[in-house]
Structures are given as C-alpha cells and as structure tokens.
Amino acid sequence: MDFNMKKLASDAGIFFTRAVQFTEEKFGQAEKTELDAHFENLLARADSTKNWTERILRQTEVLLQPNPSARVEEFLYEKLDRKVPSRVTNGELLAQYMAEAASELGPTTPYGKTLLMVSEAEKRLGAAERDFIHTASISFLTPLRNFLEGDWKTISKERRLLQNRRLDLDACKARLKKAKAAEAKASTVPDFQETRPRNYILSASASALWNDEVDKAEQELRVAQTEFDRQAEVTRLLLEGISSTHVNHLRCLHEFVKSQTTYYAQCYRHMLDLQKQLGRFPGTFVGTTEPASPPLSSTSPTTAAATMPVVPTVASLAPPGEAALCLEEVAPSASGTRKARVLYDYEAADSSELALLADELITVYSLPGMDPDWLIGERGNKKGKVPVTYLELLS
C-alpha cells in the first residue's frame with residue numbers, strides 16, 4: 001500500500017510539473033523545445049492522411065449504404081462483434097414488388113410479361129450490387145478502418161508520450177536555469193566591512209546547497225534528454241511508416257476501382273439484355289388497338305400527310321423470319337433518309353435486325369406504322385431494323 005501511495009504521489013507530482021510547464025508555454029513564460037522541420041513535416045503529413053482517410057471512409061460507406069439507419073445498425077453489430085444480418089438490396093426489393101404485381105395483374109398480359117422480364121433484370125442488378133458492396137467492404141473499407149483503429153492509435157499514443165517527454169525535458173531545463181541563477185547569486189562574496197561573519201557563513205552554506213541542486217538538475221536533465229531522444233526516434237519511425245500506408249491504400253484503391261468497374265459493367269450488360277428482350281417481345285409496345293403515327297421528320301415537305309394516323313402494315317407486325325424477307329423489298333419512306341452515328345455495339349437478335357458497331361455511320365429511315373423505337377438501317381447492301389437508342393441522328 002505504501003508503494004502504491006508513493007507511486008501515486010510521484011505521478012501526481014509529474015503531472016503537476018507538466019501542467020505548469022504547459023501553462024507557462026501557452027502564456028509565453030517558458031521556453032519550448034522545437035522539433036526539427038523534417039519531423040514537423042512528418043507530423044503534418046500523418047495528420048492529413050488520418051483526416052482524409054476518415055472522410056474517404058465515411059463517404060464510401062454512404063456510397064455503399066445510403067441509409068443512415070442501416071449504417072448505424074451495421075456499426076453496432078461490428079462493435080458487438082456479431083455477424084451483420086443479410087440485407088435485401090433496393091434492386092432485389094423492386095424485383096420482388098414487380099413479380100408480385102405481375103402475378104396479381106396477370107402474368108399472361110403484355111404488361112405482366114414485361115413486369116416479369118424487368119423483375120428478373122432488377123434481381124440480377126440487386127445481386128450485382130450485393131457482390132460489389134461485399135467486395136468493396138473487404139478490399140477497400142477494411143484496410144482504411146484497420147489503419148484508423150490500429151496504426152493511427154499507435155501513432156497517437158507515441159505522440160502523446162513524446163509530448164510528455166518534451167514537457168519533462170523543458171521542465172528540467174527551466175529547473176536547471178533557476179538553480180544556476182540562484183547559485184550565482186549565492187556565490188557572490190559579501191563585503192566584510194558591511195556584513196557580519198554570521199551572514200557570510202550562511203551565504204557559503206546556501207552556495208553549497210545550490211551547488212548540489214545544480215548537480216541534481218543536470219543529472220535529471222541528462223536523463224530527460226535521453227528519454228526524449230529515444231521517444232522521438234520511435235515516433236519518427238512510426239511517422240515514416242505513413243509512406244507504406246499510402247502504398248497500401250493505393251493498392252486498395254485500385255481494387256475498389258476494379259470492383260466498381262466490374263459492377264457497372266454487369267449492370268450495363270444486364271440492362272442491354274433486358275432491352276433486347278423488350279425489343280423482341282411484341283406485346284411490349286403494341287398494347288392498344290389505336291393506330292400508331294409515324295414520327296415527324298424535319299425534312300418532310302408535307303407535314304399534313306405525316307400527321308395522319310396510319311394502320312400498322314402487315315410487314316411490321318409479321319414474325320421476325322417473315323419480316324426479314326420483306327425488308328429487302330422495302331424502299332425508303334417519302335420523308336427521306338438520314339445519316340446516323342452508332343453509339344454502342346449492338347448484336348442482332350435475328351435476321352430482321354442489323355448488327356451495329358460503335359462509331360460507324362449508317363443510313364436510317366422509318367416506315368409508316370413502324371414502332372417509333374426502331375428504324376430501318378442500311379449499310380452497303382445490308383438492311384435491317386435498328387434500335388433508336390443506339391443511334392445519334394445527324395443533320
């Protein structure tokens with residue numbers, strides 16, 4: 001019990017000395033040991049790395065999980081060291097609603113069939129999103145979080161210890177300075193004509209006491225300087241390790257970009273497949289018995305004729321095989337032809353469609369009663385239907 005009390009009293013004395021030194025430094029009443037410029041640069045770079053890592057981590061979490069309540073729930077599960085329950089993505093939830101709507105509204109109707117097709121695509125999008133979130137969390141978020149919860153805590157601990165060692169060193173310097181000033185004052189030889197022998201003896205005794213105090217302060221200063229130098233070297237090594245942290249974060253960033261690229265490529269492929277399915281499904285756009293009107297052309301000389309409702313032709317409603325036979329005999333409409341640039345590659349679903357390559361130029365035109373989402377495209381001797389969404393019409 002005595003040992004604990006002595007240690008407690010010693011720790012209290014050290015804390016009080018540091019507090020006095022820190023307060024005097026703030027008021028400019030005490031000198032402060034400054035670190036070298038390279039060390040200060042290492043500290044600034046470490047602080048900047050920590051701050052930006054926290055921001056990037058938080059914003060990536062928002063990107064992967066926009067729902068703040070869900071993020072709080074996942075955080076609590078992680079702190080309690082429990083497995084985070086599987087969560088349905090928004091795409092999967094939308095797919096479920098569409099499937100239920102199709103079942104209730106009639107899966108054999110054009111609307112119901114389209115709902116089922118879109119539901120399957122949304123389900124695949126939701127699965128791709130789930131894989132992306134899982135991959136990004138492991139390859140990107142986890143290393144950032146490990147740095148903040150591991151390496152940075154170690155650096156912060158050693159920096160606080162270095163700060164304490166510096167306060168102890170500066171306190172020892174201040175104590176030695178005061179002891180030397182008192183020793184110099186006490187060692188001044190008094191004038192025997194004006195000072196009695198008794199005062200001279202007291203002055204000599206005080207000088208001897210201050211000599212001992214100076215020796216003690218110098219010894220404490222040497223110990224404090226050694227501890228400060230040792231701690232400064234430890235902290236310097238940890239701060240220089242920030243370069244390795246940057247290299248690790250760079251590798252993780254490449255992994256994140258790779259996973260994000262894979263995710264968006266999957267989404268693009270799924271939506272492209274869905275668009276092809278919708279284009280091949282006749283009930284997708286022919287849902288009413290009202291006649292369709294052909295699109296207006298800016299180069300049409302007679303707009304009155306172009307705005308008249310036209311009943312769909314047999315060729316436009318024929319099966320793909322028959323339509324392919326009729327396309328060879330089709331002539332451009334009266335509204336004329338236009339040039340179009342292909343935006344994306346397109347693979348023909350059947351012989352009635354024309355395969356496209358990105359950035360190529362083709363000639364397009366529409367036919368009366370034709371689906372407005374499709375045009376007739378010509379490239380050399382080849383002719384076929386092409387989707388409008390894949391084209392950029394040129395003037």
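**Exercise 1.** Determine whether Asp36 is buried, partly exposed or exposed, and identify the residue with which its side chain meets in a salt bridge.

*Solution.* Step 1: Asp36 has a relative accessible area of 36% and is therefore partly exposed (buried means under 20% relative accessible area, exposed over 50%, partly exposed in between; 1.4 Å probe, protein chains only). The model is predicted: local features need pLDDT of at least 70, side-chain atom pairs count only at pLDDT 80 or more, and totals for chains, interfaces and linings use all residues. Residues are numbered from 1 along each chain as its sequence is written, and side-chain values use heavy atoms, with hydrogens and water left out.

Step 2: The partner is Arg236, at 3.2 Å from N to O; a salt bridge is a side-chain nitrogen of Lys or Arg within 4 Å of a carboxyl oxygen of Asp or Glu.

Step 3: Asp36 belongs to the loop between α1 (2-26) and α2 (37-64), Arg236 to helix α6 (residues 197-240), and 200 residues separate them. Helices (H or I, at least four residues) and strands (E, at least two) are DSSP runs, numbered from the N terminus.

Step 4: Arg236 is buried, at 19%.

**Exercise 2.** Locate the salt-bridge partners Asp47 and Arg159.

*Solution.* Step 1: Their side chains meet at 2.6 Å, N to O.

Step 2: Because Asp47 lies in helix α2 and Arg159 in helix α5 (residues 110-186), the pair ties together parts 112 residues apart in sequence.

Step 3: Asp47, at 28%, is partly exposed; Arg159, at 24%, is also partly exposed.
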